[in-house]
Each structure stands twice: as C-alpha cells, then as structure tokens.
Amino acid sequence: MTALLGTTIAVSAATAAQAQELNLYSSRHYDTDERLYSDFTDATGITINRIEGNADELIARMEAEGANSPADVFLTVDTSRLQRAADLGLLQPVESDVLAERIPENLRDDDNLWFGFSQRARIIFYDTADVETPPQTYVDLADPAYEGMVCHRSSTNVYSQTLLSAVIENFGEESAREWAAGVVNNFARDPQGGDTDQLRGLVSGECDIAISNTYYFARAIRTEVDGLPEDARANIGWVFPDQGGNGAHVNLSGGGVAANAPNAEAAVAFMEYLASDQAQQYFSAGNDEYPVVEGVEIAPSVQELGEFEGDDVDLAAVAENVPLAQEIFNEVGWE
Ligand code: FE
C-alpha cells in the first residue's frame, strides 16, 4: 500500500514541471482540509484554486458553465449529491489503478464517476441517565416504546435523505414508509438544527435519543464544543445500530473529476492523492472521519467510539432512492 503512495507522488511530481493548476469545486466545510490541499501542492507543485460553496450551488454553477466550466474536481459530502452530479453528466469516468485498488468497490461509483474518500457512520446516541434500554437498530427508532424521545434533523438535509434511502434499499418502500411514520411519532420536538444540535438536545434534556454522524461526537471528545460537556461521554451513550444485521448506516464524503476538466491529469493526480495514506489520515485526524482505505490509522477520537460493522449496501443504489425518500418524508410529515 505504501508503495502505491510513492507511485502517486512520482507521477504527480512529473506533471509539476509544467506549473500546473487545479480548480477545485468543494462543498466540504471543514477548516482542517487546508492541510490536505497544501500538502498536495508541496508534493506536486500543482496549485489549487479553491471555489467553495454549498453543493447545490456548485452543481448549478457547473451546469451553467457547461463545456466552458473551469472545474477540474468536484468534492462534496453525501453520496446523493455525488450521484446527482453524475446523473447530470457533470463528471467523467476515471480509470485509475490506484483508486480501483485502494477504494473498496461499494464506496465508489460502478462507472468510476465518483469515489468516496472518507466515511462517517450515522448512529444512535442517548442520555444514559434517562434511557435504560437504548434502541439497537434503526427499526427500533420507530418503536412506540420511544414515543416523545427521538431527535433528528430535518428532511431537507441530505443525511436524513440518505438514511431513509438506505432504509428503502434494505427493507423495501412499504416498510420504509411505516418506519418514517413511526420515527415522526417518536419525535421529541420538530426537526431542527444540525447533528451537533441533536447531541446538545441530549444535554439540555430536550431529547433522550439523538441521531448524529459519528464525527460530530468524536470531535466533542477531542476538543471543546459549545453546549456539550467537556467530556462528551459524560451521560451520553452510543449504539452502532444493526450490528449482526445490515450494519450501521455509513455515508461518504467524496469526489469526481469534472466532465470538461481543463486540467484532467492534475485532477486524477489529486484524486489519487486523496486516497494516499497521508491524506486518508488527515480525514481521520482532522475531521474525525473514518478512512476508506483499509489499514490506515484511525484517529484516537474516532477509535474511542469502538469498532463496528458498517452497512455494505451499494451507496450508488441508495442514492437513487432519494426522490422516493423525499416523497415519503412529505407523506409522513417529517418536516
Ligand atoms: Fe456534516
């Protein structure tokens, strides 16, 4: 694996002589990504021009720019957005032995239009003072035993949409509809805020059970987060759902090479760099995520959460259920 990293850097260094640039359209919203970019430039001499915005804006911009788009690489969080960019013809297939070898098949697009670079699990957190028997599965979240206890963010958010899309993929449309209605019945309050706000709800007492991506909680273990105790583990327990079943729902942050990339070679070099051991470690240490490449060291804050089985359902297939998930959210009144 380390040998592959060497190869990547060597290829990239060869292109450096031409003083190359790379136009990166990114909706990743983490300050720690800075190191990812500067290390790539140091190693390759390729300058990165960063165009940041929310994913929908960036997708609209690439669409509007069409064949003249300066975009080389599109980076975002959530497979549904990667798939949408792919469906709109905004990405091109990347044939790379490095990416094919290092990124597991279920974490990349079948046609090589997008690749996952980091993973996050969406799991169950609970107030240990109030909840004796926490839910063990996503299905449990709809159990009337938890009426008035559950907090989750709104259905307009991609994390919500992808979770329900995975439930559809695993259990079928009818079960997913019943499930969503059951969860709405169990809401402690109207959906609001981001994942950290769900965790804060456990502390304030508004919520007994909260769903959040793992990295928001791991961050609160590593560093101080407003509204959470100094040690996030005080009175907050967590469950990796569906162990022994489908496994915990996992989502990706990832990217693809733009369909009309003016610097396609640099774009592929950057994508390969993101799959290197070094970059994979940044994803974990800088933003408390799980690497996608096996054998890469996981940050201590993330290790704290313990090992788990992730759902290995095909995330490209899950992304295709998003429109149906939206319909179901509307039907069951998940705001
Ligand atoms: Fe997030």
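Visitor: Does F329 count as buried or exposed, and at what relative accessibility?

Guide: Let me start with the general idea: a residue is called buried when its relative accessible area is under 20%. In this predicted model, F329 has a relative accessibility of 1%, so F329 counts as buried. W334 has 3% and therefore counts as buried too.

Visitor: How many aromatic pairs are there, and how do I read one?

Guide: A pair of aromatic rings is described by the distance of the centres and the angle of the planes. Searching the whole structure turns up 12 aromatic pairs. Take F329 and W334: their ring centres are 4.8 Å apart and their planes stand at 70 degrees, so this pair is edge-to-face. Elsewhere, Y37, F40, F270 and Y273 are linked by ring pairs into a cluster.

Visitor: Which residues touch the most other members of the largest nonpolar core?

Guide: Happy to show you! That core has 56 residues, and those touching the most other members are L141, L164, W179, V183, I209, F217 and W334. Both domain 1 and domain 2 give residues to this core, so the core lies between them. There is also a second, separate core of 52 residues, with V73, L91, A269 and Y282 among them.

Visitor: What is F217 in contact with, leaving aside its neighbours within four places in sequence?

Guide: Its partners are F125, L199, A232, R233, I236, W238 and L305.

Visitor: Where do the two domains run, and what separation do their centres have?

Guide: The domain assignment gives domain 1 as 13–119 + 251–297 and domain 2 as 121–248 + 315–332. Taken over C-alpha atoms, the centres of domain 1 and domain 2 are separated by 28 Å. Their contact takes 21 residues from domain 1 and 16 residues from domain 2.

Methods:
Residues are numbered from 1 along each chain as its sequence is written. This is a predicted model: local features need pLDDT of at least 70, side-chain atom pairs count only at pLDDT 80 or more; totals for chains, interfaces and linings use all residues. Side-chain values use heavy atoms; hydrogens and water are left out. A nonpolar core is a set of buried Ala, Val, Leu, Ile, Met, Phe, Trp, Tyr and Cys residues joined through side-chain atoms within 4.5 Å. Buried means under 20% relative accessible area, exposed over 50%, partly exposed in between (1.4 Å probe, protein chains only). Domain bounds come from an automatic or database domain assignment. Contact means heavy atoms within 4.5 Å. Rings of Phe, Tyr and Trp (its six-membered ring) pair if their centres lie within 6.5 Å; planes under 30 degrees apart count as stacked, over 60 as edge-to-face and the rest as tilted.
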